[in-house]
Amino acid sequence: MQINNEFKPKIVAFCCNWCSYAGADLAGNNRLAYPECVNIIRVPCSCRVNPIFILRAFQRGADGVIICGCHPGDCHYTSGNYYTRRRMALLFSMLNYLGIEKERIRLEWVSAAEGAKFAATMNEFTEAVTALGENKRLEDLRCKK
Amino acid sequence: MQKITCESLIEKACELIENGTVSRVIGWKKGEFDYDLTPAVFANADEIKKNFIYNDFSGANFSKYLIKETRKGEGKVLVFLKPCDTYSFNQLLTEHRFDREKVYAVGIPCEGMADIAKVKAAVGDGILKITSEGDELIVENLYGDVNKVKLADVLAERCVNCKSKKHTAYDELMGEDGEILDNNRFDEVEKLENMTEDERFAFWQNELSRCIRCNACRDVCPACTCEKCVFDNPKSGVENKAIADSFEEKMFHIIRAFHVAGRCTDCGECSRVCPQNIPLHLLNRKFIKDINTFYGEYQAGEVEGSRAPLVNYTEEDIEPNDAVKREE
């Protein structure tokens, strides 16, 4: 998105209800600033994130997608994040194989107690995506306004 | 030329159908031309004698046909399986997709199948008749020319990098069993990996933008057996070919390959049936290669009942952010 000739990325963050979503809450309570362009989508578990969700986020205009889940071993459902880890490793690798910039997509483990990590991660990720510019390689012109 | 002859297969099929072991036979029958053989179901010996064909173009993998065929009627279904087909057969059994009791599988050896696109590239269009003799194909065209090509020169891509001549499942074996082969099937994937991001993007943009979304790759894939498919959903956003841009093809092909990741046996049917000759196996092989590197060697369909890597995990798995090769 261009605002006053300045590029503002659109970031979609899939956050696990049991950890990162609470982590984002904590970041807010502690008055830690993170970019307003981060759109959080709450999911019951990082494992709920179907690869199609990620591609669809890009289709509908996201410039970066980040998935946040519980640290390995801490999953509310015992093992969901382990499956996420395998799936996303393959998906990220495949997206890069197709020539999509690897910095556009990321997975971070953020617990409910890590408000500061959440804010820092979002700041850093937004910066990286801003540096890349608009998402041109996975865009759908029909979804552009 | 194949080691096993069409006549011996017909004889075997007739024998089994006449002595009541099986009630139906899945086999190949002649299509419009000698090279576009069509899968068919035969119900009696007369039909088999009349229409059954086996030659260097019998590429079709019949494993997936068993799902529908075993649910129809009484009695067993006879199926002929080439070594690579047995991997798909095992994989489908692992996923409980058909009843093993209703199938009589006959393993047949395979010398590699010809790719008609390569034959046409070698001798030109207008092919009327193709016969095989020794290690050569004799191609007659409508201008009266007779050309000879070596089978080894026109082998389908998947057969050039054949992964195994060993049958992993059968009730009866015709001919001799082979060995699991060393192959260079990941060479092309590596070549792509060594390109820069921009080059890779250009390569895939060029390949995938040819896609006409006919869904043939999905329909033929023995790993794609969902009865309700995400791509049939009119709200999926990728249900038809977009005129506007290339997002649909990318999404379709990433998701198609992802849905079979860890279950794909690398049978190469997707690339064989693609009317646009898109090298779809390169997407599947990338997943296979990654799975081998990250989670240890795994060949889907080699052992019945083996646990697919994507429904498994260890505590030491690689982090997704590190999975992508960092170029410095």
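This is a predicted model: local features need pLDDT of at least 70, side-chain atom pairs count only at pLDDT 80 or more; totals for chains, interfaces and linings use all residues.
1. A word on the model first.

2. Let us start with the interface. Chain A contributes 33 residues to the contact and chain B contributes 32. On the chain A side, at least two residues each come from helix H2 (51-59), helix H3 (80-97) and strand S6 (105-109). H3(A) gives the largest share of that side, with 14 residues. Sorted by class, the side of chain A that touches chain B holds 17 nonpolar, eleven charged and five polar residues.

3. H3(A) is worth a look together with H12(B). Their axes lie 10 Å apart and the helices pack at an angle of about 135°. The crossing of H3(A) and H12(B) is right-handed.

4. Which residues of H3(A) and H12(B) meet? From H3(A) they are Ala89(A), Leu90(A), Ser93(A), Met94(A) and Tyr97(A), and from H12(B) they are Lys286(B), Phe287(B), Asp290(B) and Phe294(B). By class, this contact of H3(A) with H12(B) has six nonpolar residues, one polar residue and two charged residues.

5. The other helix pair to inspect is H2(A) with helix H10 (residues 247-259) of chain B. Here the axes come within 10 Å and cross at roughly 170°. Because angles over 145 degrees count as roughly antiparallel, H2(A) is described that way relative to H10(B). H2(A) brings Pro51(A), Ile52(A), Leu55(A) and Gln59(A) to the contact, while H10(B) brings Phe247(B), Met251(B), Ile254(B), Ile255(B) and Phe258(B). The contact of H2(A) with H10(B) divides into eight nonpolar residues, one polar residue and no charged ones.

6. Turning to the layout of chain B, the domain assignment gives domain 1 as 6-115 + 162-173, domain 2 as 117-154 and domain 3 as 187-323. Taken over C-alpha atoms, the centres of domain 2 and domain 3 of chain B are 32 Å apart.

7. Beyond its neighbours within four places in sequence, Lys166(B) is in contact with Pro83(B), Asp177(B), Gly178(B), Glu179(B) and Ile180(B). Lys166(B) and Val238(B) are 72 residues apart in sequence, and their C-alpha atoms are 39 Å apart in space.

8. Finally, two backbone angles deserve a check. Most residues other than glycine have a negative phi. Arg213(B), however, has a positive phi near 50°, and this residue sits in the loop between helix H8 (197-208) and helix H9 (216-220) of chain B. Arg213(B) counts as partly exposed, with 16 C-beta neighbours inside 10 Å.

9. Asn277(B) also has a positive phi, about 55°, although it is not a glycine. You will find Asn277(B) in the loop between helix H11 (269-273) and helix H12 (281-295) of chain B. Asn277(B) has 13 other C-beta atoms within 10 Å, so it is classed as partly exposed.

Definitions and conventions:
Residues are numbered from 1 along each chain as its sequence is written. Chains are lettered from A and ligands numbered from 1 in the order in which they are written. Helices (H or I, at least four residues) and strands (E, at least two) are DSSP runs, numbered from the N terminus. A residue is buried if 20 or more other C-beta atoms lie within 10 Å of its own, exposed if 12 or fewer, and partly exposed in between; C-beta atoms are placed from the backbone. Two residues are in contact if their C-beta atoms, placed from the backbone, lie within 7 Å. Ala, Val, Leu, Ile, Met, Phe, Trp, Tyr, Cys and Pro count as nonpolar, Asp, Glu, Lys and Arg as charged, and the others, Gly among them, as polar. Domain bounds come from an automatic or database domain assignment. Axes are lines fitted to C-alpha atoms, for helices over the stretch in contact, and angles run from 0 to 180 degrees between N-to-C directions. A crossing is left-handed if the near helix is turned anticlockwise from the far one by less than a right angle, and right-handed if clockwise. Angles under 35 degrees count as roughly parallel, over 145 as roughly antiparallel, 65 to 115 as roughly perpendicular and the rest as oblique.
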